[in-house]
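Please read this briefing beside the sequence and the three-dimensional view. The points below are grouped by topic for a reader who is meeting the entry for the first time.

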Amino acid sequence: QVQLVESGGGLVQPGGSLGLSCAASGNIRTIVAWAWYRQAPGQGRDLVARIAGSDNTQYADSLRGRFTISRDNAKNMVYLQMNSLKPEDTAVYYCKADIVDTGGWHPAAYWGRGTQVTVSS
């Protein structure tokens, strides 16, 4: 059993910063890649950022330069630092990980339950 739990969401003013964390726990052999997605009200779930290996990162074009994804392999955690936040960044942010568990050899996708980020004055 593998679980992902996000933390760090909340209310922030436009122009402010917020950091999200996601921790994976359970029967983990290796975490191949992490990603953050977000879903605004009435919208689909969109990729925010992804990290594979130690430094292979990709970002949604509109977010590059404001958001930074990083990971701590020793702690099985991923982070998302969000700067210069805008009201349109308001969404539920989801953590996703491609994980090989101790019972298998191929990665499976696991999702957290999401954390709300609201950017408003």
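Is C22 buried or exposed? C22 is buried, with a relative accessible area of 0%, where buried means under 20% relative accessible area, exposed means over 50%, and partly exposed lies in between, with a 1.4 Å probe and protein chains only. This is a predicted model, in which local features need pLDDT of at least 70 and side-chain atom pairs count only at pLDDT 80 or more, while totals for chains, interfaces and linings use all residues. Residues are numbered from 1 along each chain as its sequence is written, and side-chain values use heavy atoms, with hydrogens and water left out.

**The disulfide**

- C22 and C95 are joined by a disulfide with an S to S distance of 2.1 Å, a disulfide being a pair of cysteine sulfur atoms within 2.5 Å.
- C22 belongs to strand 3 and C95 to strand 9 (residues 91-101), so the pair ties together parts that are 73 residues apart in sequence; strands here are DSSP runs (E, at least two residues), numbered from the N terminus.
- The link of C22 and C95 is left-handed, with -85 degrees about the S-S bond, and C95 also counts as buried, at 0% relative accessibility.

- An open sheet is formed by 4 strands in the order 1-3-8-7, with antiparallel pairing, where two strands pair if DSSP finds at least two bridges between them.
- Its edge strands are strand 1 (2-7) and strand 7 (67-72), each of which pairs on one side only.
- Strand 1 is joined to strand 3 (residues 18-26) by 6 bridges, and V2 stands opposite G26 in strand 3.

**Salt bridges**

- The whole structure holds 4 salt bridges, each defined as a side-chain nitrogen of Lys or Arg within 4 Å of a carboxyl oxygen of Asp or Glu.
- D89 meets R38 in a salt bridge (2.9 Å, N to O), and this pair links distant parts of the chain, 51 residues apart, with D89 in the loop between strand 8 (77-82) and strand 9 and R38 in strand 4 (residues 28-39).
- D89 also meets R66 in a salt bridge (2.8 Å, N to O), and R38, R66 and D89 are linked in a network of salt bridges.
- D89 is buried at 0% relative accessible area, R38 is buried at 16%, and R66 counts as buried at 13%.
- K96, which is placed in strand 9, meets D98 in a salt bridge (3.0 Å, N to O); K96 is buried at 14% relative accessibility and D98 is buried at 16%.
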